[in-house]
Amino acid sequence: LDMQSHLTKVHSVSLSSGSTEESFCTVCTDQRTPSLRGHSHRAPSVAESMAEYFDANEVIVCETSSEADASDESGLSDITTTSNSEPEEGHSTATLNYRESLNRITDKPSLVPSDTGRRTTLPAPGADNSHIGIMTILYNNIGKDLSRVSMPVALNEPLSLLQRLSEELEYSELLDIANNTDDPYQRMVYVAAFSISGYAWASWRNRYKPFNPILGETYEIHREDRGFHYISEQVSHHPPISACHAESENFTFWQDQRWKNKFWGKSVEIISTGLVNVSLPKYGDHYEWNKAVTCINNVLSQQRWLEHYGEVVIRNTKSDVCTCKMTFVKSRYWSSENNKNEIQGVVLDRAGEVVHRFGGFWHEGVFCDTMATPTCIWKPNVQPDDHFRYYGFSRYARELNELNAELKDVLPPTDTRFRPDQRLLEEGKVAEADKKKDKVEEKQRERRKEMAKRGEEHIPRFFRNVLDEAGTDVWIYNGTYWKIRQDPGFSKTENLHLW
């Protein structure tokens, strides 16, 4: 019995301590109908839906552990079901089927032109940071918010968090497809695949962290090849809040992200509390969803690796026709490499019945086997052969910090591409970048002290603070950036210099 109980943990799901009891629970088949009737306002979780699909004979409702009861080193509590082997066998079978289906699709065609006319490499390879005593840095900051801790520049990659947010649009063609898909259930599948694609970078970016933006720092990108333009701004420093907005004829994308970083001894968790929003103009849809927890494991060694885990729920605020629930499965120490980075999800109708199932791996692709023709919804682009030398950057990431003569004449001085410490790091001048980083951060502190003396508060230029329908404090784009940018004097505004 002890061995059986231990083996069932393979199928357990991890949640952050802030999750509600409703966010994850499983019910056995004979309990399913009364449970749904008793909670008609709630659609079943992924665990419920998958249990139904795989004919689980005995799965009982489990309560969420409190934060004080959390036992694993990541600081998250585990929800463990007591069941027989059916759910586990079905779960494993689905995982194998999704992987086999993805492997049969050797290369998914992309709607984006392969030749963008932008750079394909960086000026210098990534700096070796194996000599840095990460243990000492983190040991002195156990339990603290790491966004307040100054790190050596050699731990950084030459991109800021504002640019990292824009990487979530690397596969924006999924939203283009969604906006031209009449079936609302299939449309939700493509939106879900887009939400998953934003995590693909983590498979190769495990040795470096992005720069924390300076208060007032901005970043723009205009992608004619992808049909969208994007603007972001650091609207708050403590707590750190990064807001962004992108538009195209097929979608509008926006979010304000508030990160909390916690060190738990062997891992660092990055917890995002903001919601991601996407609207599709053709159907008047407005989708919103939370983000999974990102965890850096083995943070004290050079064998660091990233994973995402938790439940992600996508809702259409303009229609209750369907809801999507996805599980990013947390790896366990006994898991094989083939079972890491797994995701499984379902699209549910109003009654909570499964309309579509999909799954795969957030670094390999998403496959939906319930459409009229089973379809590979998304596969990540092939990494450049030399990606390991250049911070693990994809081709898209290598284009983000490019600064040519044409851009220099039109970008505002607050744009990330003008940040000197980041530019020096990209050029391989690590020692100079370290000194400049200290100066940039010191200048920010001095600027904040001067404003405090005058009783002033920083006012973001391109985003405004409002309350949404739920009464939540959010930052949204004020619609001015691209209009002001057309002013020839915009790039010469002297009072906007941050560095």
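Let's start with charge pairs: the count comes to 27 salt bridges, a salt bridge being a side-chain nitrogen of Lys or Arg within 4 Å of a carboxyl oxygen of Asp or Glu. This is a predicted model, where local features need pLDDT of at least 70, side-chain atom pairs count only at pLDDT 80 or more, and totals for chains, interfaces and linings use all residues. Residues are numbered from 1 along each chain as its sequence is written, and side-chain values use heavy atoms, with hydrogens and water left out.

First pair. Glu426 bridges to Arg119, with the closest N and O atoms 2.8 Å apart. Glu426 sits in helix H11 (residues 420-426) and Arg119 in the loop between helix H4 (86-104) and helix H5 (134-139), so the bridge ties together parts 307 residues apart in sequence. Helices (H or I, at least four residues) and strands (E, at least two) are DSSP runs, numbered from the N terminus. Buried or exposed? Glu426 is buried, at 2% relative accessible area. Arg119 is buried too, at 16%. The cut-offs: buried is under 20% relative accessible area, exposed over 50%, partly exposed in between, with a 1.4 Å probe and protein chains only.

Next, Glu157 and Arg205. Their side chains meet in a salt bridge at 3.0 Å, N to O. Glu157 is in strand S3 (residues 156-160), Arg205 in the loop between helix H8 (184-197) and strand S4 (209-211), so this pair ties together parts 48 residues apart in sequence. Both Glu157 and Arg205 are buried.

There is also a network. Salt bridges that share partners join Arg223, Asp225, Arg226, Arg395 and Glu399.

Now helix H12, residues 430-453. Its buried residues include Ala433, Lys437, Val440 and Glu441. The buried residues of H12 pack against S3, S4 and H11, contact meaning heavy atoms within 4.5 Å. Just after H12, Gly455 takes a positive phi of about 70 degrees. On a 1 Å grid over the protein atoms alone, a cavity is a set of points where a 1.4 Å probe fits but cannot get out, and lining residues have an atom within 4 Å of a point. Grid points are joined across faces, edges and corners, and a volume is the space filled by probe spheres set on the points. How many cavities of 30 Å³ or more does the structure hold? Three. The largest cavity has about 950 Å³ of space. It is lined by 42 residues, with Lys209, Pro210, Asn261, Ile270 and Ile296 nearest its centre.

Note on methods
The expected span of a helix is 1.5 Å times one less than its number of residues. On a 1 Å grid over the protein atoms alone, a cavity is a set of points where a 1.4 Å probe fits but cannot get out, and a pocket is an open set with protein on both sides within 12 Å along at least five of seven lines; lining residues have an atom within 4 Å of a point.
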